Amino acid sequence: MHSPFPICPVRRRSTALAMAILATLSGCASAPTPTHVPGSQVTTPATLEAPDEQERFKQWVASFRESARAAGIDDATLHAALDKVQLRHVAVQADRAQPEFTRTLWDYLDAVVSPKRIATGQQKLLEFQAEAEAATARHGVPGPVLMAVWGIESNFGGNHGDVPVIDALATLGFEGRREAWARGELLAALKILQSGDIERDRMIGSWAGAMGQTQFMPSSYLAYAVDADGDGRRDIWGSMADVLSSTANFLARSGWQSDEPWGLEVQLPAGFDPARADPTVRQPSTQWSAEGVLAIDGAPLPTVAEASILQPAGMRGPAFLVGRNYRAILRYNNSTSYALTVGLLSQRIAGGPGVQAAWPRDLRALSGAEIKSLQAALNKLGFDSGSPDGQVGPATRKALRQFQRSLGQPADGHPTAELLQRAQQAP
């Protein structure tokens, strides 16, 4: 639940599946925090090719060892964790790589919310019914939601990484680009080892240090992991009781409301202003109902406090009403695409329908380089999108809406190839 997604990291981890899928999508809920994704055939950074790299790495580890000892880590833990620590080039390569190509949200949903994953989620929910029901009873998060997170993060335990967490975090700290973050996570990992929850050899995760079947960063583990099976250890690698309760605890403490849905697909009234489909516009679902918003099947809206309208593909695509539970998922991974996918997969696992409205499949996703070009063009025109970074965050959407209004277009803030061309050609 926290990881370095190529672009939207608020949390922690970055498993091969979860990272790769998020890396392909744009649309962070807000500006990214540390976390990123691997690319293909990345060249080993020159800084790690110097003849003395191993010696410099040893010096870095020695310095960290002293700071960890000062922070209360005992010598037995330091020896077990750091005596055989290895430099892992794959962590730096993956952390520095940026995806060259992107996929549309609908292509991603087709791949992730697939019949196979839905069926597997339903089967796993039956297989671990007791553990899921216990987690729901304790934390209020439904079993299908827990299955969806598990399925996306590690393909139901099939891929939760193969890199020693200590090695990955020590490498990222040594490399230096995000040293403060990596040092903090590495210290948290040592605290986990010192507590006896897991042995070093079993503390395996992704290149970014995300661990276990639902990919907790060490700091998130310390904050949210739960010993649900009562064996005295918080085992998010092998105990499904601990995995599901820990995941539920994270979401519950992030604001999950047991009496509200994650969200739902809706139909918007004629003349709806697409600029109001914005996460900052929040009001009770009763107010949205009064404005003519209905469930996609025409039914009245359920009670959802602080609800927003989401149009992830712009005004030509489906619309969703989302509230506090959607935002709790965002705290697990700060990507609108991720949160929406968790919600829709959980809905299908629970036996509900898929997306009913049509996606604008004739549109293509802009690449990161094209998003940067669009941002630069908007800035040149006087529409402040912030520093061009290839990520579509709140500032870019606001600038896009202003540009669309200047063209006399509906302001949905959705980047398209047409808008890129018009921005670049504008005087």
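A: Happy to walk you through it. A search of the whole structure finds 18 salt bridges, a salt bridge being a side-chain nitrogen of Lys or Arg within 4 Å of a carboxyl oxygen of Asp or Glu. Please keep in mind that this is a predicted model, in which local features need pLDDT of at least 70 and side-chain atom pairs count only at pLDDT 80 or more, while totals for chains, interfaces and linings use all residues. Residues are numbered from 1 along each chain as its sequence is written, and side-chain values use heavy atoms, with hydrogens and water left out.

One of these pairs is formed by Asp-83 and Arg-65, whose side chains meet at 3.1 Å, N to O. Helices (H or I, at least four residues) and strands (E, at least two) are DSSP runs here, numbered from the N terminus. Asp-83 is partly exposed at 47% relative accessibility, whereas Arg-65, at 15%, counts as buried. For these words, buried means under 20% relative accessible area, exposed over 50%, and partly exposed in between, using a 1.4 Å probe and protein chains only.

A second salt bridge joins Arg-324 to Glu-260 at 2.5 Å, N to O. This pair links distant parts of the chain, 64 residues apart: Arg-324 is in helix 14 (residues 324-332), and Glu-260 is in the loop between helix 12 (240-253) and strand 3 (263-267). Arg-324 is partly exposed at 23% relative accessibility, while Glu-260 is buried at 8%. Salt bridges with shared partners also join Glu-66, Arg-69 and Asp-75 into one network. Another pair is Arg-364 with Glu-370, where the closest N and O atoms are 2.7 Å apart; Arg-364 is partly exposed, with a relative accessible area of 45%.

An open sheet of four strands runs in the order 4-3-6-5 with antiparallel pairing. Its edge strands are strand 4 (294-295) and strand 5, each pairing on one side only. Two strands count as paired if DSSP finds at least two bridges between them. Strand 3 and strand 6 are antiparallel and joined by four bridges, and there Glu-265 has Phe-320 of strand 6 as its bridge partner. Strand 5 (residues 308-310) pairs with strand 6 in the antiparallel sense over three bridges.

Back at helix 3, we find Thr-77, which is buried at 9% relative accessibility. Thr-77 touches Leu-190, Leu-193 and Gln-194, leaving aside residues up to four places away in sequence; contact means heavy atoms within 4.5 Å. Leu-190 also features in the largest nonpolar core, where Ile-166, Leu-190, Met-203 and Leu-244 touch the most other members among its 84 residues. Helix 10 (residues 179-195) gives the most to this core, with eight residues. Such a core is a set of buried Ala, Val, Leu, Ile, Met, Phe, Trp, Tyr and Cys residues joined through side-chain atoms within 4.5 Å. With residues up to four places away left out, the contacts of Met-203 include Val-163, Ile-166, Leu-193 and Trp-237.

Asn-155, in the loop between helix 8 (143-154) and strand 1 (163-164), has a positive phi near 55° although it is not a glycine, and is partly exposed at 38%. Gln-215, also not a glycine, has a positive phi of about 55° and is found in the loop between strand 2 (204-205) and helix 11 (218-224). Gln-215 is buried, with a relative accessible area of 0%.

Finally, confidence. The protein chain averages a pLDDT of 88, and 87% of the residues score at least 70; pLDDT is the predictor's confidence in each residue, from 0 to 100. Over residues 2-49 pLDDT stays under 50, although the model has 198 contacts beyond four places in sequence for them. Where pLDDT is low, the predicted coordinates should not be read in detail.
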